[in-house]
Amino acid sequence: MASLASLLGACSILPKSDPLTVYQLPAAHEVTAAAFSGLSGRSLSVFTPYAGSFLDTDRIAVVPSGNRLSVYEGSRWSDPAPVVFRNRLVRDLRKTADLKAVGNERESLLADYQLRGDLVDFQVEYRNEQPTALIAFEASLVNGQSGRVIASRHFSVAEPVDGRQVPEVVQAFGRAAGRINHDIIQWVYRVAGK
């Protein structure tokens, strides 16, 4: 009994971890569906992009200066950054309404097209002391039946952060994601519709 009491006492001196605030990527206010047409009746599967170990985590990445890599303390994404990016892209693609189906690789969708790629940037960098949310994606559109690459393209956006706090950083990521997704969706419709 004395050993049980000493174990219970020891539990109270263990350090407590700092609480984490979990963020999701803010949704786009609107996606201009009228700008996208030509894929009616087609389907698309969006694969989770590859990312290096610095980005393939749920921590919110920041490069405060030079080549020093860091994360915002006490904050994280709801999923690893590549999944956060993929999920927002899938949602935005679904809003275009012209595709018959849009899913991700986990849904086993036998899609006409696959969107694959590498998430090169998904972090905040300081430019002239201004925090800026960067997203860069190396995209490849693939024929879902043959596996042939139809086209590839680099996409990149930079969105200034209105402030220096994490909620403002998250809002900047939301705006950046809206911009890059718009460009990716236009490209997908243009190259797949040929």
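Visitor: Which residues does Ser43 touch, not counting residues up to four places away in sequence?

Guide: This is a predicted model. In it, Ser43 touches Leu99, Ala101, Leu109, Leu110, Ala111, Asp112 and Tyr113. Ser43 itself is in strand β2, residues 43-46.

Visitor: Why is Ser43 called buried?

Guide: Its relative accessible area is 4%. Buried means under 20%, so Ser43 is buried.

Visitor: How many aromatic pairs are there?

Guide: The structure holds five aromatic pairs. One of them joins Trp77 and Phe173.

Visitor: What makes Trp77 and Phe173 an aromatic pair, and why is the pair called edge-to-face?

Guide: A pair of aromatic rings is described by the distance of the centres and the angle of the planes. For Trp77 and Phe173 the centres are 5.3 Å apart, and the cut-off is within 6.5 Å, so the rings pair. The planes are at 85°; over 60 degrees counts as edge-to-face, which explains the name.

Visitor: Where in the chain do Trp77 and Phe173 lie?

Guide: Trp77 is in strand β4 (residues 68-77) and Phe173 is in helix α3 (residues 166-192). They are 96 residues apart, and the pair links distant parts of the chain. Both Trp77 and Phe173 are buried. Together with Phe122 they form one aromatic cluster.

Visitor: Why is the pair of Phe85 and Phe137 called tilted?

Guide: The angle between the planes of Phe85 and Phe137 is 50°, with 5.0 Å centre to centre. Under 30 degrees would be stacked and over 60 edge-to-face, so an angle between these limits is tilted. Phe85 lies in helix α2 (residues 81-95) and Phe137 in strand β7 (residues 130-143), so the pair ties together parts 52 residues apart in sequence. Phe85 and Phe137 are both buried.

Visitor: What lies over the face of Phe47?

Guide: Arg116 does, at 3.7 Å from the ring centre. The distance limit is within 6 Å, so Arg116 meets that part of the rule.

Visitor: How do you know that Arg76 and Asp58 form a salt bridge?

Guide: Side chains of opposite charge can pair when their charged atoms come close. The closest N and O atoms of Arg76 and Asp58 are 3.4 Å apart. The limit is within 4 Å, so the pair qualifies as a salt bridge. It is one of six in the structure.

Visitor: Why is Arg76 called partly exposed?

Guide: Arg76 has 23% relative accessibility.

Visitor: What makes Glu105 and Arg86 a salt bridge?

Guide: Their closest N and O atoms are 3.7 Å apart, and the limit is within 4 Å, so they count. Arg86 has 6% relative accessibility and therefore counts as buried, whereas Glu105, at 29%, counts as partly exposed.

Visitor: Why is Asp162 called exposed?

Guide: Its relative accessible area is 57%. Exposed means over 50%, so Asp162 is exposed. Asp162 forms a salt bridge with Arg175, the closest N and O atoms being 3.6 Å apart.

Visitor: Which residues are linked in a network of salt bridges?

Guide: Glu159, Asp162, Arg175 and Arg179 are linked in this way.

Technical notes:
Residues are numbered from 1 along each chain as its sequence is written. This is a predicted model: local features need pLDDT of at least 70, side-chain atom pairs count only at pLDDT 80 or more; totals for chains, interfaces and linings use all residues. Side-chain values use heavy atoms; hydrogens and water are left out. Rings of Phe, Tyr and Trp (its six-membered ring) pair if their centres lie within 6.5 Å; planes under 30 degrees apart count as stacked, over 60 as edge-to-face and the rest as tilted. Helices (H or I, at least four residues) and strands (E, at least two) are DSSP runs, numbered from the N terminus. Buried means under 20% relative accessible area, exposed over 50%, partly exposed in between (1.4 Å probe, protein chains only). A charge sits over a ring if NZ of Lys or CZ of Arg is within 6 Å of the ring centre and within 35 degrees of the ring normal. Contact means heavy atoms within 4.5 Å. A salt bridge is a side-chain nitrogen of Lys or Arg within 4 Å of a carboxyl oxygen of Asp or Glu.
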